Amino acid sequence: MSNTFIALAVPALLLSSAIFILLFGLSSYYTKNRGYFITLATLFVSFIFASLGIGTKFSMEILPQIFNSMVVYDTFAATFISLFLLGGFLTLAIAKSFVDKTDFFTHESFVLLLFSLFGMVVLTMANELLTAFIALEIASMSVYILVGLNRNSLKASEAFFKYLLLGSFSASFYLLGMMLIYAQAKSTNLDAIAEYILHTELHSQLLILAGSMLIMITIMFKIAAVPFGAWVLDVYEGASLPITAYMAGVFKIAIFAFTLRVFLQDYITFDSVYDPLIIGGAVVTMAVGSLLAVIQTSVKKMLAASSVVHSGYILIAFASIGEATASAASAIIFYLFAYFISAIGAFGVLSYISKGSDKLIQYEDLNGLAKTRPIIAASLTIFMLSFAGFPSTIGFIGKFYILTSAIEAGYTALAFFGAITAFISIYYYFKVIAHLYFKEAEHVEVHYGYKVSLAFIVISALVVLWGGVGTSLLFDIPGINELNAISKYAVESLGL
Amino acid sequence: MQNEILFTVLALIAIVSSIVMISAHRPIDSALSFIVTLISIAALFGLLNASFLFVVQIIIYAGAILSLILFIIMFLNIKDENLPDEKYKNRWLLATSVIVAPFSAILIDLILRSDIATNSVPSESFGGIKDVGLMLFSKWILPFELVSILLLVALVGAVTLSKRSE
Amino acid sequence: MSLLSAIIFLPIFAAIFLFFVHLHINLVKIVYMIVTLIVAYLAMKLYIDFDAFSSIQFIEHHGWIEQYGIHYHVGVDGVSLGIVMMNALLMPLVAIALYKQRDKRGYWINLLFVQGGIMGAVLALDLMLFYLFWELMLLPIFFMIGLFGYGKNNFISMKFNIYTIFGSLMMLLSILYLAVEHKEQFGFYSFALEELKNITLTTTESLLVFSGFMIAFGIKIPIFPFHTWLSDTYRSAPMGIVIVMSALMAKLGTYAIWRFLFTLLNETSQELAPYFIWLGLFGLIYFGISAISQTHLKRMFALSSASHLSLIVVGFFIYNTYGLIGSSYFIVAHALSSAALFLMVAMMYERVQTYTIDSLGGIAKVAPLFALFFAFFALSIVGVPLTAGFVAEVLIILGAFEYDTLIGFFAATSLLIPMLFMFKTISKVLYGETNEKTQNFQDLRAHELVAIIPLALLILAMGIFPNYFIQKIEPTAKAFVDKKEAVYYE
Amino acid sequence: MLKAYMILSILLFSIGIVGLISRRNIIVIYMSIELLLNAVNLSLIAISADLAESSAQVMSLIIIAIAASEAALFMSLFVVLFRNRASLDANLFNILGGKK
Amino acid sequence: MSVLAILLLAPLVSALLIFLINILFPYAKQYLYTFFALMGSGVSGLLALYVGYYSYFEKEVFISHLFTWLSIGNFSIEVALKADALGSFMLLFVAPVSFLIHIYATGYMDKDKSYGRFFAYFNLFIFFMFLLVLADNPIIMFIGWEGVGLTSYALIGFYFKDIQNTYAGNKAFIVNRIGDFGFLSALMLLFLEIPSGGFSFSNIFLNLAQMEPSSLTLIAFLLFVGAMGKSAQIPLFVWLPDAMAGPTPVSALIHAATMVTAGVYMVARFAPLYNMTPEISLIISYVGALSALLAALIATRQYDIKKILAYSTMSQLGFMFMALGAGAYSTALFHMFTHAFFKALLFMAAGAIIVAYHHKQDIRELRGIQLPKIFKMMAIASLTIVAIPPFSAFFSKDAIMGALFVNGHVGIFMMAFVTSMLTAYYMSRMMFVLFFSKSKQEAMESPKSMLFPMMLLAILSVFAGFLNFPEVFGGNMHISHWLGLPDRAVLIPHAKELALMGINTFFVLLVIYNAYRKYAYTETIVTQHNDGLVANKFYIDALYQRFIVAPIAIISHFFEKWVSQFLIDNAINWSAFGYFKLGEIVAKAENGNVRLYALYMLFGVVFGFVYLYWSLRGAL
């Protein structure tokens, strides 16, 4: 299959499936289960398609005559697309109980999920600012609505309100930035902008600087970097658990995919200008995130706050891109994978034990889980360890790459700060483990059911472990080396 | 020269009416002054020979969107006493203006310092529907298609959110 | 799988197996015994096959994370051999002594896990692998304290965990810095001990890297002022883990000073040695004196351990043949003594349900065997002649005198200070009139004797015939000292 | 002339920001957001006129479409919020947040 | 196996056997223990006589190499036994006296519940004592040295039901360890000074000449610190009176005859070293003199029969150290030799009294006891200790006085003289109070097993002096010649020696008469007031308590409570707490108001642009 075909097939599949469910949902043959499995199947098939592009190095523009070089398909895109398609698949697979038990999760929700993934696919492939923006808006808007799905819930509607309001606010910065860049470079194509930057002096790049600053602000907003990420706690809290997992794990990957592309192609020339800002942002993000995380009493909000911290870690790698391009960029990809698999697992567990209800899981609600549900407890423990960057989990390897790249770039102090933050994070992640194992709860026999969800949670946990120690020495399963190679290829395909 | 005068007048109208918009107590007042802003911006489009966009601006913005807002305002029928009691509104406005001032000042300074103006002479058909249409369907076909999906998403979303639960 | 890997992974895999397969508790104990005995057997084999005169041996070397030059690289030399042996020996004995007290699967699973973790950390020759095991062994300890601890065990296990991980993260930064420096200087990443020692660092860099390592080791040992987790943790932790911590984990910290700091940052270590010697001496006296006013047995022995560990640190930083050999001998000797003593305390707790010294008394009358062994192990901690601790202390003190007379005198206070509290403890616990708690004190049972007699015999053997054991350590130590002197004279 | 337009657009943009942050009435906040988009559009048209090339006009057309879709969402937001709380005061919506 | 090895190991083996029997068969018959105990000490006693014989007559040096204790690099410490003249001499009285006290103890400890345990410790003690004496290597000697301390500790606290006894044991061991601290430090310094060839005594002495005088002085001093602890000299003497808490055979053997003299033995062993450090020798003399005087003074006001003897022991040890300091090593050893006999005898007699009168030890309560055999024995021993001719101590003490006289330090000599007067005083006081009283107390005589060894010792006390019969009486100083130690003391002129003897004896008799007037058949001992400096032992125990023990407890408390917990741990906990507080402040900023969030974003934007502008300042 040619790459062009795959590049077209993946979004087309998502889109057509979305529209099919939209229509099918009106017919009487529609049941929620069918919609669910169609969506799952779509995601799985498109994941398989996308993953064909992983591990080889290629880069091509899709139908350049028609699409006018606005989208490219390369290993980078293929890698990211496979990542978040897998993420979407896992989220949905784990959220089976949620899907079944909530009446607000209608067929439109599947449609929106597919649309958002479509948006992300395009965003990842976008090589032009406006296309990227529209794709981002498609994804964002779908997510806005997914957040507000439970329209009878005060929390959900409030979260929807805040996310929409601030999202639109930040989007307008993007547009202003795009306008300024266009005013200067007379183009919105990333390659053209890069070309322009390469061939001009600083005094004729002023508006590009200002514009890229504005675009960066939007990105910072989306990845919930302080001070633009104040929404994240509210929205994560208000949204249903699977949606939170989706935002934290999947959506973020897509944002970073675009960010990385922009960074590696354009920003890298302004490295000296932006690095201090990114470093400052990373520090503030990590600091505020961990400050918020330590005081939370609800696991979900703690994970929300800690996702801010993880964004901070990734910003460390972004800051290091200028000096240690290859290792930093692949570190970001690896870290994203590490974070997303852990986040999906962790939120999935929460969703699994809340049985689709709207309940905010407190630390106390985890008490005694190790006794009643040892497998679930062990999986959650593994995810927490991975978040905390504990060795033998994939989270540690991710953190290891990031800190290494920071040191390689000469930002040892930044790496030190990252380590300090990781140290603080031990508190809130291990608190979860402590509650799982050490606290007794009155014994209530709870039937959770949904063996499939459980199976996927366990699989995620195993992946987390394998990603931490895995080596092809033992079994012939791709391990750390292979993941690393994949991210290397992805970065190299950007033509650097 | 004539253009400059017109621009100044329209710009002043746009700015004043937008200031009125953000400072009016009742939303209906805001909406009405926002219409003035939109129309003055549309007029500026016209001044720039963008005739098609002029039309679009009037129809979609001043027409559709603003009607929708007015409709919503009427529909929700918020009484004056139910409006948020914005005691510190003016202080907020003032404070925010002070905060935002450096941002605008810096941007304006950068714009003034930059070398962006090419002062190309536009062709006859510039800004017309054909010109824009050709561009839309040739170079910008992909964003255009994507926007249609975006609208679909918004549509689905609006329906999902607004319908009464069974 | 070759010997060292088997020693490392057998307990870990057994632990994982036991976690997933729900066996009856008795079966769990049997599996535990079988596994630890196999490990002990393998360790014996290792000890016998160990060739004192070649340096690191039994090396295994496989690629792990290739892009970053991280390898699975393990090997054993004279120093690590001691800890490996202790680890292999103590684990089955702990089980024999405590098997009646503990009927929770988790207890044994965690102990198996921690055994593997410590083995890995001791044998690792790749810094990343070392870090992996170093952190991994924390986990079972965290669980053990939280699950089976006493008092405010949640808070304490959390505090312990956070405290030690702080150190680990500082060490991680140092490790990463070294690896990156290696890349800058040689063009590729490496985490192998052998390769990293070739890099050259500026003074500031090496100071920072050194302190990163030292914070981790210092917390684990602990040396002053990183000790405040210690007494609470020991007090709260279940005995199995107290033994692991005092007999093995803390020793690992001192071992790591030698293995990593002296290999990687030899010159910096030498430059900073005086400070750490003084810090160690201060700790020796400080912890010893702190212990005097303790009334809780576990807290007292915790501080006593800390005091002796400070002496071990002094011995290492003195860095001459006597100091190195003495400290490595002391690692083993103190592991034996403190493990045995804590076992005795555990047996005592099972009988009287208290750790408070003042509420005990007269045990010697009702339980002469218990009293005998308790007194013997307590005295072996004090370092009376014919016990292993004496030999070690003499060697360290000798080394200290060789280094500097004044330091020698301070090191020699280790003869005095532990005695001050140990003798009081012996008197109060064993002697005097019995009270209602101790009057029905049951003497040692057969399985308890089985557990502690080997320890007692080994302590005696190491005290009377030290030469046989020291021959395994001596060439390694000499090699280090020769190298140091070579550096020194360059 | 282009710079004048752009300065005007920046000013409008700033006014929009001020309105967005200072006002508690969500409808006014929404209108401020629309003002932000209009400000961008104004500049784009000016650039287009300056370049004598209609790409920027297409962009602004697309931005209007995006604004329309945003409008749809905001309308349904108003409905949802009003249905739940019978108010459109932004300050009232604070049950979520970073607090415990 | 060589003679020495058997001699050394016999008591160890018997100790282990007794120990095993004690554990495995708790109800084993008493005679089993007796058998093994006497076997062990008897074998070594006989062998000691054998060794002594060959050493004295054939000048044979017994050597036995057991195994290598430690070998590091080219330096090794061997476990080797060597019985040269000095060692054989020590053996000659240590082993037989031990054996005799063993026999005595079988009677003393008869029917005791812990009979087996007692003899296990007792035999273990002998083993360590032999190790100390026979070691050819200071480190091994140190092991024996510590070992005797350890068994002494165990035996002092033998009756552990009274916790005070065990505290006395603790005190003994701790104070001894302070001495050991010095001893070991000295050994370490010495070890480092030896360039090669092993750490045996002979090799050490070979290398003495090359060592630096300053380090030699330090080593000599530290060694003496060790001796101070073991031999109960100022300031490390406080343990000895308390050590009387142990069973009386223990006091007789360990705290009178053998262990406490180890310090003297050790200094004599290092005689070549001390000959090179005269200033330390002087210190030794002074410490010995002061200890002797102080102990004698305190003894005059003690009522506990065993404590009187304990202070007396300390006082006699002071004499020995005076002699050592004066360089009269063989004289000191000779006094040690005689002292072993008469002091053991005194203690055994005291023990017999204690047993007979149901563990009464206060001489005020024991007035007028009726034990004629014991009285005879005790009288002989007392006359010996006060140095009445021709009892053995007359010769030995007189030799010491002579050496001191010649040595020229008048202060020391005067102190020695006063001490010897005080000795006469307190011994007579004890004797007269015990046996010369109007009241009568009847009691059973002691069993034969106790009396027999006492008789033997009485004979030895009387006649042991002739072994070193001074030249002034036509003797030839057999022992001094045999020992062949590098004595520094010059020979005293015979006339002066005779005069000294005469004066001394005269004054002693005067003092005894005085004491008789004061104490015999009077109530003085009861009516006499008992306070003041001397009666309170110069407040030394209180001083130690106030200035050493209490401060350590306070410091310990201070370290743990204030430094560890308050300062360090609180700092850590408070920083964590502060972090939480900070988190709550941040959470207040994230209070859910969306406009504030937008405001934060605006702050971010403005900051970004200000930064951008600032960083572009050069380009603009």
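Two residues are in contact if their C-beta atoms, placed from the backbone, lie within 7 Å. Keep that in mind for everything that follows.

This is a predicted model, where local features need pLDDT of at least 70, side-chain atom pairs count only at pLDDT 80 or more, and totals for chains, interfaces and linings use all residues. Residues are numbered from 1 along each chain as its sequence is written, and chains are lettered from A and ligands numbered from 1 in the order in which they are written.

Let's start with the chain pairs. Eight pairs of chains are in contact, and chains B and D share the most contacts. On the chain B side, 73 residues take part; on the chain D side, 59. Which elements of chain B give two or more residues to this side? They are α1 (2–23), α2 (27–47), α3 (51–76), α4 (89–113), α5 (129–138) and α6 (141–162). A word on naming: helices (H or I, at least four residues) and strands (E, at least two) are DSSP runs, numbered from the N terminus. The largest share comes from α4(B), with 12 residues. By class, the chain B side has 54 nonpolar, 15 polar and four charged residues. Here Ala, Val, Leu, Ile, Met, Phe, Trp, Tyr, Cys and Pro count as nonpolar, Asp, Glu, Lys and Arg as charged, and the others, Gly among them, as polar.

Chain B also meets chain E. That contact takes six residues from chain B and seven from chain E. The chain E side has seven nonpolar residues, no polar and no charged.

Chains B and C have their nearest C-alpha atoms 39 Å apart. For chains C and D, the figure is 20 Å.

Within chain B, there are two domains to point out. Domain 1 covers 1–83 and domain 2 covers 128–166; such bounds come from an automatic or database domain assignment. Their centres, taken over C-alpha atoms, are 23 Å apart.

On to chain C. Chain C has 21 helices and two strands. Its C-alpha trace spans about 70 × 55 × 40 Å along the principal axes. A compact globule of 490 residues would have a radius of gyration near 23 Å, and chain C agrees, with 21 Å. That radius is taken over C-alpha atoms, and the globule rule is 2.2 Å times the number of residues to the power 0.38. Of the 490 residues in chain C, 67% are buried. A residue is buried if 20 or more other C-beta atoms lie within 10 Å of its own, exposed if 12 or fewer, and partly exposed in between. Among contacts in chain C with a separation of 6 or more, 81% join residues 24 or more positions apart.

Last, chain E. Helix α10 (residues 248–257) packs with helix α14 (residues 305–325) at an angle of about 10°, their axes 11 Å apart. So α10(E) is roughly parallel to α14(E), a label for angles under 35 degrees. E:T248, E:S251, E:H255 and E:A256 meet E:K306, E:A310 and E:T313 there.

Where does E:M336 sit? It is in helix α15 (residues 329–356) of chain E. E:M336 counts as buried because it has 29 C-beta neighbours inside 10 Å. Leaving out residues up to four places away in sequence, E:M336 touches E:T261, E:V264 and E:M320. E:V610, by contrast, lies 274 residues from E:M336 in sequence and 94 Å away in space, C-alpha to C-alpha.

Definitions and conventions: Axes are lines fitted to C-alpha atoms, for helices over the stretch in contact, and angles run from 0 to 180 degrees between N-to-C directions. Angles under 35 degrees count as roughly parallel, over 145 as roughly antiparallel, 65 to 115 as roughly perpendicular and the rest as oblique.
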